[in-house]
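I set out to look up a few things here and to write down what I found, entry by entry.

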Protein chains: 10
Amino acid sequence: MNRLAVTEKIITAKVAKGIQWADVARKVGQSKEWTTALCLGQMTATPEQAKAVGKIFGLTAEEQKWLQVVPYKGSLPTAVPTDPLIYRWYEIVNVYGATIKELIHEEFGDGIMSAIDFSMDIARQPDPKGDRVNVVLSGKFLPYKTY
Amino acid sequence: MNRLAVTEKIITAKVAKGIQWADVARKVGQSKEWTTALCLGQMTATPEQAKAVGKIFGLTAEEQKWLQVVPYKGSLPTAVPTDPLIYRWYEIVNVYGATIKELIHEEFGDGIMSAIDFSMDIARQPDPKGDRVNVVLSGKFLPYKTY
Amino acid sequence: MNRLAVTEKIITAKVAKGIQWADVARKVGQSKEWTTALCLGQMTATPEQAKAVGKIFGLTAEEQKWLQVVPYKGSLPTAVPTDPLIYRWYEIVNVYGATIKELIHEEFGDGIMSAIDFSMDIARQPDPKGDRVNVVLSGKFLPYKTY
Amino acid sequence: MNRLAVTEKIITAKVAKGIQWADVARKVGQSKEWTTALCLGQMTATPEQAKAVGKIFGLTAEEQKWLQVVPYKGSLPTAVPTDPLIYRWYEIVNVYGATIKELIHEEFGDGIMSAIDFSMDIARQPDPKGDRVNVVLSGKFLPYKTY
Amino acid sequence: MNRLAVTEKIITAKVAKGIQWADVARKVGQSKEWTTALCLGQMTATPEQAKAVGKIFGLTAEEQKWLQVVPYKGSLPTAVPTDPLIYRWYEIVNVYGATIKELIHEEFGDGIMSAIDFSMDIARQPDPKGDRVNVVLSGKFLPYKTY
Amino acid sequence: MNRLAVTEKIITAKVAKGIQWADVARKVGQSKEWTTALCLGQMTATPEQAKAVGKIFGLTAEEQKWLQVVPYKGSLPTAVPTDPLIYRWYEIVNVYGATIKELIHEEFGDGIMSAIDFSMDIARQPDPKGDRVNVVLSGKFLPYKTY
Amino acid sequence: MNRLAVTEKIITAKVAKGIQWADVARKVGQSKEWTTALCLGQMTATPEQAKAVGKIFGLTAEEQKWLQVVPYKGSLPTAVPTDPLIYRWYEIVNVYGATIKELIHEEFGDGIMSAIDFSMDIARQPDPKGDRVNVVLSGKFLPYKTY
Amino acid sequence: MNRLAVTEKIITAKVAKGIQWADVARKVGQSKEWTTALCLGQMTATPEQAKAVGKIFGLTAEEQKWLQVVPYKGSLPTAVPTDPLIYRWYEIVNVYGATIKELIHEEFGDGIMSAIDFSMDIARQPDPKGDRVNVVLSGKFLPYKTY
Amino acid sequence: MNRLAVTEKIITAKVAKGIQWADVARKVGQSKEWTTALCLGQMTATPEQAKAVGKIFGLTAEEQKWLQVVPYKGSLPTAVPTDPLIYRWYEIVNVYGATIKELIHEEFGDGIMSAIDFSMDIARQPDPKGDRVNVVLSGKFLPYKTY
Amino acid sequence: MNRLAVTEKIITAKVAKGIQWADVARKVGQSKEWTTALCLGQMTATPEQAKAVGKIFGLTAEEQKWLQVVPYKGSLPTAVPTDPLIYRWYEIVNVYGATIKELIHEEFGDGIMSAIDFSMDIARQPDPKGDRVNVVLSGKFLPYKTY
C-alpha cells in the first residue's frame, strides 16, 4: 500500500458517490484548497483530519495512517503539463515569470515568495461579460540573507 | 534588429538610470504588471504607449516600432525555471495543479481560466510575522463547447 | 476505476462490435469530432450523453459517471508524436507555426485563436488526382487586454 | 551568409517600413500563407518570386539566391512552443490528435493527410459574439501501400 | 485488449514455435518487410491477411480484428534508440541527414521522399570480405506546392 | 578557425556560384554521397581531395587542412529532426526499426549493419505515377562475438 | 550590458591577478561562501559591498550597479551537471534524497529546509587517511501550514 | 522478487506499525542516515544488518538476502525532483554549484569531494526565530592525478 | 513471455541460491563478462549455452529459447545513468570523450573502435594504496571508407 | 577570456602547424592521454606544464594561467553523443553497464571504480584480421562505508 493507492481510492469514491470537495472541506474544517490538495496526495493530515476524510470516503485505519505520512509531492505527470486548464497556469509562469520576478524584487528586494507558508483562495467572480475565476495567492516574503 | 535587442536596451537603461517599473507604468498609464511585461518583451504596445516607453528609456523610432509588433512570447530560458523566485511559482503549479483543476471544474464545469483575458495584481501585505506577497489573478472562465 | 479504464473499455468494444464513430455521434446528437474526443477521454458528457454512449458500448452506471467527470486532457504518449498521421499535424505547427502567428496577428492584433471555444470539421474532398482531407478549424479570437 | 540572415533582414525591413504580408503575397502572386512561409525561411522561391520579394525588402542578388535554396525547415525554437498563439495549435494536436487519427482512418483507411501536398487558408469570420479565426487545411490523403 | 497485446502474443508464439518471418510473408502473400511490420504492430491487415496471420500464430477472431485496426505507429521505446543495430540506422540519419537532403533537393527540388508510398527490401549480398546487408529504399518524391 | 567555419564558407560559395554537388564529386573523384558529406563536415579528406575541394570553393591552405582533420560528426541540430525531408528518414527508423532488426537478425544472427564500412547511392527512378527516390544502402554485417 | 558580463569580467580579472575568494570575502566583510556566490552572479550586493568588489576587480560604476540588481539565479549549464565535482553533489541529492526527506520529516513534520534563510560553510578537515571536505549546511525549517 | 519490492514492503510495514527510522538505526547499530538509506534501497547490508532489519519489518529470509545485494542506486523519479523538500537541495546545487566548485578548488586544488567515502548528519538546531535543520556533510577529498 | 521476464527470473534465482557469475561463466565456457551480459539480456546464446544457463537457473525449455533470440539491447533505465558505479563510466566518456577521439584518430585516422567485434576484461589489481579495478577493452578499428 | 578560448586557440594552432598530441605529451612529461585532456580543457596544469604547453602552441602568459585554473569539465555537446566514435563508448556503457556493475560488485562489494584516481592507456594492437584499439582503464576501487 502507498499514498497513491489511497488517493485513487478517494477519487473513485468521490465519483461513485458524487461527493463535492467543498463539503469535504467543511467536515475537515479547513479551506477547500488545502483539503483538496490533501485528498489528492499533496498534504499531510492530523489524525483527526485523516479520520474525517476516512469517514467520508470509507478509508480503513491503515489508509488513514497514510494520510498522516508526508507524501512525495508533485501532482503532474509531465514537466510541461498537457491539460489545458493546468497549462494556462504554466503559461502564466512562462509569459509573466520575468515580470513577477522584477516586481517582487522591486518591492521587497532579493528573496522569494514562499510556496510553503502559502495559501490560495479560488472563487467565482460574477461578471456580465462572462464570469471570472478569481484567485488570491498569499505567500510570506523570505529575504535572502548575507552571512 | 529584433525585439530581444529592444528588451536588452531597456533593461540596460533601467539599471544605469535607476528607473522603477512603477514609475514607467504611471507614465504609460497602465498597471505595473502589464507595463513590465511589455518592457520585458511579452506584450504589444500602441503607438502612444511605445512613445512613452521610448522616451523613458531613450529608444529610437525604429525601436519604438518593435514595441508595437506582437512578440514571440515566453520569458524563461528553460522549461523548468532555475531561478528560485520563479521556481516557487512553478512549484505551486506542480503541487497544486490537480487541486486547482478540481476546484475550478467543481465550480464552473469543463473549461479553462483564460491566460489572455487575464490580469494580475502583485502587492505587499504587511504582516507582523513577516510581510507577505499578495497576488490576485483574474481570468475569464471559458467553457468547452459541444458542437 | 478511472477515466482511462473507461476509454479502454470503449475502444475494446468498438473493435469487437465494429462500431463507427459517425454512428455514435448520431446517437449522441453531436458532431463526430466532439463525440470521438469524448469517447477517447478528452471531453465531458452530460448525463444524457453519457447514457447514450453507455448504451452503445455497454458501460455500467459508474462508468457512465466517469464520462461526466472533467478528464485530465492530452491524448499523446510523447511530446513529439511518433505516429505518422499525427506527426504530420505536429509538422504543420512546426513548419507553419511562425506563419500562422504572423497572419493572425496581422488580421486581428495581439491575442490567440481559442482552442476551447473551438470546433473542427473533418471531411473527404473528392479530387481526381487523389481525394483530399479537408479540415475546417474555427476558434474565437481572444485579444490580449491591457489593464 | 545563410537563409536565417535573409529571414532576419526581411523581418527587420518589414517592421521598419510597415509592410503587410498580404501585400507581399499580392506582388509575389501566391497566397498570403505560402508567401509568409517563404519569407520566414520555410519555403523555396522561383527566381521570379525571389526577385519580387527582393524588390520589396531590398535584398541583394546573393540574398535572392538564398531564397531559391531549399531551407532546413522548422520555425519553432522549442519542441513544445512557448508562445500562447502557437501553443494553442500544439494543444489542438495534443487534445484532438487521437480523434483526428480515428476519424481520418474511419473515412480513408490507413494512411496520412499530406503536409506537403497541402494548403492552408486563414480568414476572419465575423461573429456577433466575437469574431472567429477560420482556418481551412487541405491535404491530399496518401494511403499506406502493401508490397 | 489492444494491438500491443496482439503483438506480444505473436512474438511469444514465434519464439515458442520457431516461426520465420519469411514463411509468414509467403503465407500472407506480401513482402517479408511489410509482413513483419504488420506483425509488429505497425501496419493494417485486410481480413484475409489477418486470417492468414491468425492461423499461423493461433489468434482468436477478436485478435484478428485488432490486426485490421490502424495502429498507433512507432516501434521504438526512446527517441534515440539504444539497440546497437537500430542505432546504426539513426546514426546514418544523423551523419548523412544533411547530405541526403542536399542530394534529393539537387535532383528533385523542394519536397520529400515519401515514407508512406514507400517500400523497403533487405537482402544479403555475399562478399568475400564479409557479407553485406543490402537495403533498397524506394519512396515516391512528393514536391512542395505553391498555392 | 574550425571545421564548422569551413563548412559554412563552402555552402556560402556554393549558393553564390551555383555549384552542383555532382560536379564537385566528379572533380574529387568520389561518389556524390561521400563528397557531399565531406563538404558538409562529416568526412575526412586526403590532401589531394582537400586541394580539389579547396580549388572549387576558394579555400585557403589552412582551410584545406581542416578538411583533413577528422570532424566531430552529426549533422542535425536536434535529436528528432524538424525538417520534413530528414524527418521522413527518422520516421522510417521509428516505424520500421523493429522490423529491420528482426529481418537482419533472421538472416544474419546477432550483430549489426555497419554505418562505417557503408555506402549509399541516391538516384531518381522514373515512374509514370510520379518519379521515385531510390536509395541503396550497403553496410558490412558485423557479427557479435563471444569471448 | 548584463550581469553575466560583469561575472565574466570578475573571473577574468581573478585569473589574471591571482586573486583569492577568501581575500575578497574579507574585504567585503561576509563569508567566503556568500561572497563567491555574489561574484559568480547568484547574490545581490549592497552599494558598499558592490564598491568593495568593484575596487578589487576594477569594475566601473555601472558594473557595480549590476551587482546590486537581483540576478536570474542558476549557475549550471545543464539540468544534470557534467562537472565531476558538482555532479557528486547532485549524486548526493539523487542517492540520499529520499533519506533526507524521511529524516527531516521524522524530526520536524511536513515542511522544507529553507534554501533562502540558509548558510553554508566549507572547510578542510585534516585526516591522516586523507583530508576531508567538511560542509555545514544550515537552513531554517519552514512548516507547511493548513488554512 | 527484487530490491524495490523489499523497499516497498519495508515502507508499508513502517506506516502500519508506526516505526521510527531512529529506532531502526539503533537496532542496526549504524547512523540513522545510513540505515534509512539502506531501508530505502540505496545501501548494502551485511547478513547481521539484514537480519536486524528483517526482524523489525518482518522480512523473509529471501528478502533479507536482497538487502545484501548491491542495489541499482538513485532514489528520485525524475532528473529534476518535484518534491519541494528535495527540490530545495537540488536548488542549492544549482545556485551554489559554481561557488562550491570554486571554494573546494581554492582550498584543495583539482579533484572532488567523495560521495562514496562520505557521511551525513542531519540534526535539529533550536533557534528562537524558528528551529533550523543543520546538516554536516563530510567527504574525503580525492585529487585528480597526472599520469 | 519475453526476454525481460527471463532476465528477472535469472536474477531472482541468483540471489536466492547465491550463484556467482564467474561460476556461470565457467559452465557456459565463455568469459565472465560475456556470460553476465548474456544473463542480463544483452547477448544471444547458442542452444548449448542456453541449456547450460537454463540448468543453473532452472529455466524451462521455452525460457531457454528466449536466450537464443537476439534481444533489444540497452541495460540502463535512463540516458544519463543514476547509479554511481555506472555513472563513473559515463563520466569517463564525458570528460575524456574528446581525448579518446583525438588519440584514436591520431593513431588510426578516421573511423571507430568497434563495440561489436569487442571484448572486455575486468580484473582486480592489488595495490598497497588500495586495490584497483583494471579493465582492458579491445575493439577492432574500423576505418571509414570513401566510395 | 576563458578556458574555452584557450582550448580553441590550441586546436587552431595544432591544425595549422600539424602538431601531434604524442609530441606535446613528451614535452610536457606526462602520458598522451592526460596531456590531450589538459589541452582540450579537462585537466589542470602546473605552472611548468602550462609553460611547456604555452611554448608549443604560442600561448600568452595570461592564457597559460588559464591552463592552471580548474576547468568546468565535460567535453561533449549533448547528453547522448552524436559522433560515431564517441557514441561507441556510450554504447558500451549502455549495453554493458549492468554487466560491469555486477562484476565489480561480485569482486569488490559495494563501491565504485574511481574516475578521479584513474588512468587510461590507448594503444594499437596489431592483428592480421585488422588492427585493434586496446584500451586499459585503471581506477582505484572506493568502497561505500557504513557510519
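Throughout these entries I take contact to mean heavy atoms within 4.5 Å, and I keep in mind that the model is a predicted one.

Entry on Glu33(E). I looked up where this residue sits and found Glu33(E) in helix α3 of chain E, residues 32-39. Leaving aside neighbours within four places in sequence, I listed its contacts: Met120(E), Asp121(E) and Ile122(E), together with Tyr147(D), Thr99(F) and Leu103(F).

Entry on the α6 helices. I next looked at helix α6 of chain C and helix α6 of chain F, each spanning residues 84-108, whose axes come within 12 Å and cross at roughly 155 degrees. Angles over 145 degrees count as roughly antiparallel, and α6(C) and α6(F) are therefore roughly antiparallel to each other. I noted that their crossing is right-handed. Pro84(C), Tyr87(C), Arg88(C), Glu91(C) and Val95(C) make the contact from α6(C), and Pro84(F), Tyr87(F), Arg88(F), Glu91(F) and Val95(F) make it from α6(F). Sorted by class, the contact has 6 nonpolar and 4 charged residues, with no polar ones.

Entry on chains A and B. I checked how chain B can be laid on chain A, and found that a turn of 180 degrees with a shift of 0.0 Å along the axis does so with an RMSD of 0.0 Å, which is the relation of a two-fold axis. In chain B, the C-alpha nearest that axis belongs to Val136(B), at 2.3 Å. I also recorded that 100% of the interface residues of chain B are interface residues in chain A as well, so the copies meet through the same surface.

Note on methods
Residues numbered from 1 in each chain as written. Chains lettered and ligands numbered in written order. Predicted model: local features only at pLDDT ≥ 70, side-chain atom pairs only at ≥ 80, totals over all residues. Heavy atoms only, no water. Axes fitted to C-alpha atoms, helices over the stretch in contact; angles between N-to-C directions. Helix = DSSP H or I, 4+ residues; strand = E, 2+ residues; numbered from the N terminus. Parallel < 35°, antiparallel > 145°, perpendicular 65-115°, else oblique. Left-handed = near helix turned anticlockwise from the far one by under 90°. Nonpolar A, V, L, I, M, F, W, Y, C, P; charged D, E, K, R; others polar. Least-squares fit on C-alpha atoms with pLDDT ≥ 70 in both.
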